[in-house]
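Subject: Structure handover and notes

Hello,

Here is the structure for you to take over. My notes on what was found follow below it.

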Amino acid sequence: MSMISWNCQGLGRAQDLVIPRLREMRKEHFPDMLFLMETKQKRDILIDLQTWLGYDRIMTVNPIGYSGGLALMWKNSVNINFKYVDKNLVDFKVMFGKDCFFVSCIYGEPAVSNRSKLWEKLSRIGVHRKEPWCMLGDFNEIRNNGEKIGGPRRSEASFQAFNDMLQIGNMTELPSSGNSFTWGGQRGNLSIQSKLDICFGNQRWFTLFPVSNQVFMEKRGSDHRPVLVRLINVSESYRGSFRFDERLLHKQGIQEEIKKAWLTNHPLFETRVSDRLKNCRKAISRWKKKENLNARDSIKQIQCALEMEQSARFPSTTRIRFLKSELVQAYKDEELFWKQRCKEKWAVKGDLNTKYYHASVKANRSRKRIIKLLDDMGREHFSEAAKGEVATDYFQKLFTSTHPGDFTGLFEGFTSRVTAEMNEKLNREVMLPGQMG
């Protein structure tokens, strides 16, 4: 099971990288729960986003004017019971298979004077909560001066209320990887980076999920990094199949490469059509790599450059703006590829805002997803790793004989093709050339 928390700083603007970033996270991780802060959108827009991302349920908190706004999306495999909801805190109980725990999604007050109210509320929860519990989100606060780079130093007393709240809840930061300075920006002429987005767990949390960890992901589309929280240490990879990209049709040199690959014959026998197609696929792949026309590779290069610049001690705002505009254009170019992959006519030519479109997308994804599997003991498993183990165990038992017997009678009447002399030679000990006398 996994969760992602992200202060996206607004959804739905065409010039932004937020929607492409959400699409990437969905493809790479598809967390069981997704918590978004500063959505700056009303519920109807967020419901469209929920459907597009493939989530089954959603809870929203509308923004106040043009600021704030929260959204929590989750799959049907997760059972959620809300305990408290306001513009800064979403507190709920989670049932995931046989596991039961609490999660508090936090959006810390931007105004320093209002943060103490949230810390007091969390402290009251922490005094009475003894079950497994984690809190994650953008706290808009740090624990000490070591959690920021740049800007004036703060007094130790200014951290006291936040640290007291964490101590009352018996909270400890989850083990992490990635750049922990999750926010970066300008304050006047000063460049500042701070550890604002983080996940904590209490002692019972680590007892239930001893290998739970957090990953500070790359910063794109927002001044904040998304935080991926994994309850189990699982790495799942996916390799796609070959698809011809129609953008290549007008590229110089590609037709010659295809003709050369198609007309290449085997020196000893006539080449089959399937082999000719395989040669063409390989030739196209080689040509794309040589010409650097792979959209994903181009996007990845820009993303890496943007991440390096934003993580620099003194980042250049001019270069960051340039890289962001380049990345937006690269995403637009990639849309041709996504349109070609649509297998339904309505997804290409239909009205993408109709209820039919959203219902079809949701139904299609539901049909293709195995939500849970039952093991031999009747226990439900929801994570991809656990479902894989259940399926492997099932088929191993299915194709393994539990009562091997004597099958000699089954072969009566068959003419033996292997003589006793041949069998003796086959059963001889294999020796290396140096061992033979």
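Please keep in mind that this is a predicted model. The notes go by region.

Strand β15 (residues 213–216) and strand β16 (residues 227–230) pair in the antiparallel sense, with four bridges between them.

Strand β1 and its partners

β16 pairs with strand β1 as well: four bridges join the two, and they run antiparallel. S2 has R230 in β16 as its bridge partner. β1 is also joined to strand β2 (residues 33–37), in parallel, through five bridges. There, S5 has F35 in β2 as its bridge partner.

How enclosed is strand β1? Six of the six residues of β1 (residues 2–7) are buried, so the strand is largely enclosed by the rest of the structure; the cut-off for buried is under 20% relative accessible area. By direction, S2, I4 and W6 point one way from β1, while M3, S5 and N7 point the other way. The residues of both groups are all buried.

The six-stranded sheet

There is an open sheet of six strands, in the order β5-β6-β7-β8-β14-β10, and its pairing is mixed. The edge strands are β5 (79–85) and β10 (172–173), each of which pairs on one side only. At the β10 end, the pairing with strand β14 (residues 197–201) is antiparallel and has two bridges. The bridge partner of E173 in β14 is F200. Helix α3 (residues 115–128) packs on this sheet, where it touches β5, β6 (89–96), β7 (99–107) and β8 (133–138). The direction of α3 makes about 30° with that of β6.

Y84 is located in strand β5. Is Y84 buried, partly exposed or exposed? Its relative accessible area is 34%, so Y84 counts as partly exposed, that class being the range between under 20% and over 50%. Apart from its neighbours within four places in sequence, Y84 is in contact with L89, V90, D91 and K121. Y84 and S104 are 20 residues apart in sequence, and their C-alpha atoms are 9.1 Å apart in space.

A nonpolar surface patch

On the surface, W262, L263, V273 and L277 form a nonpolar patch. Together these residues have about 390 Å² of accessible area. Which helices supply the patch? Helices α6 (254–263) and α7 (273–291) each supply at least two of its residues. W262 lies in α6. With a relative accessible area of 33%, W262 is partly exposed.

Regards

Notes. Residues are numbered from 1 along each chain as its sequence is written. This is a predicted model: local features need pLDDT of at least 70, side-chain atom pairs count only at pLDDT 80 or more; totals for chains, interfaces and linings use all residues. Side-chain values use heavy atoms; hydrogens and water are left out. Two strands pair if DSSP finds at least two bridges between them. Patches are made of residues with over 30% relative accessible area and no salt bridge: like charges are joined within 9 Å, nonpolar side chains (Val, Leu, Ile, Met, Phe, Trp, Tyr) within 5 Å. Accessible areas come from the Shrake-Rupley method with a 1.4 Å probe; for residues, only the protein chains shown count as cover. A salt bridge is a side-chain nitrogen of Lys or Arg within 4 Å of a carboxyl oxygen of Asp or Glu. Buried means under 20% relative accessible area, exposed over 50%, partly exposed in between (1.4 Å probe, protein chains only). Contact means heavy atoms within 4.5 Å. Axes are lines fitted to C-alpha atoms, for helices over the stretch in contact, and angles run from 0 to 180 degrees between N-to-C directions.
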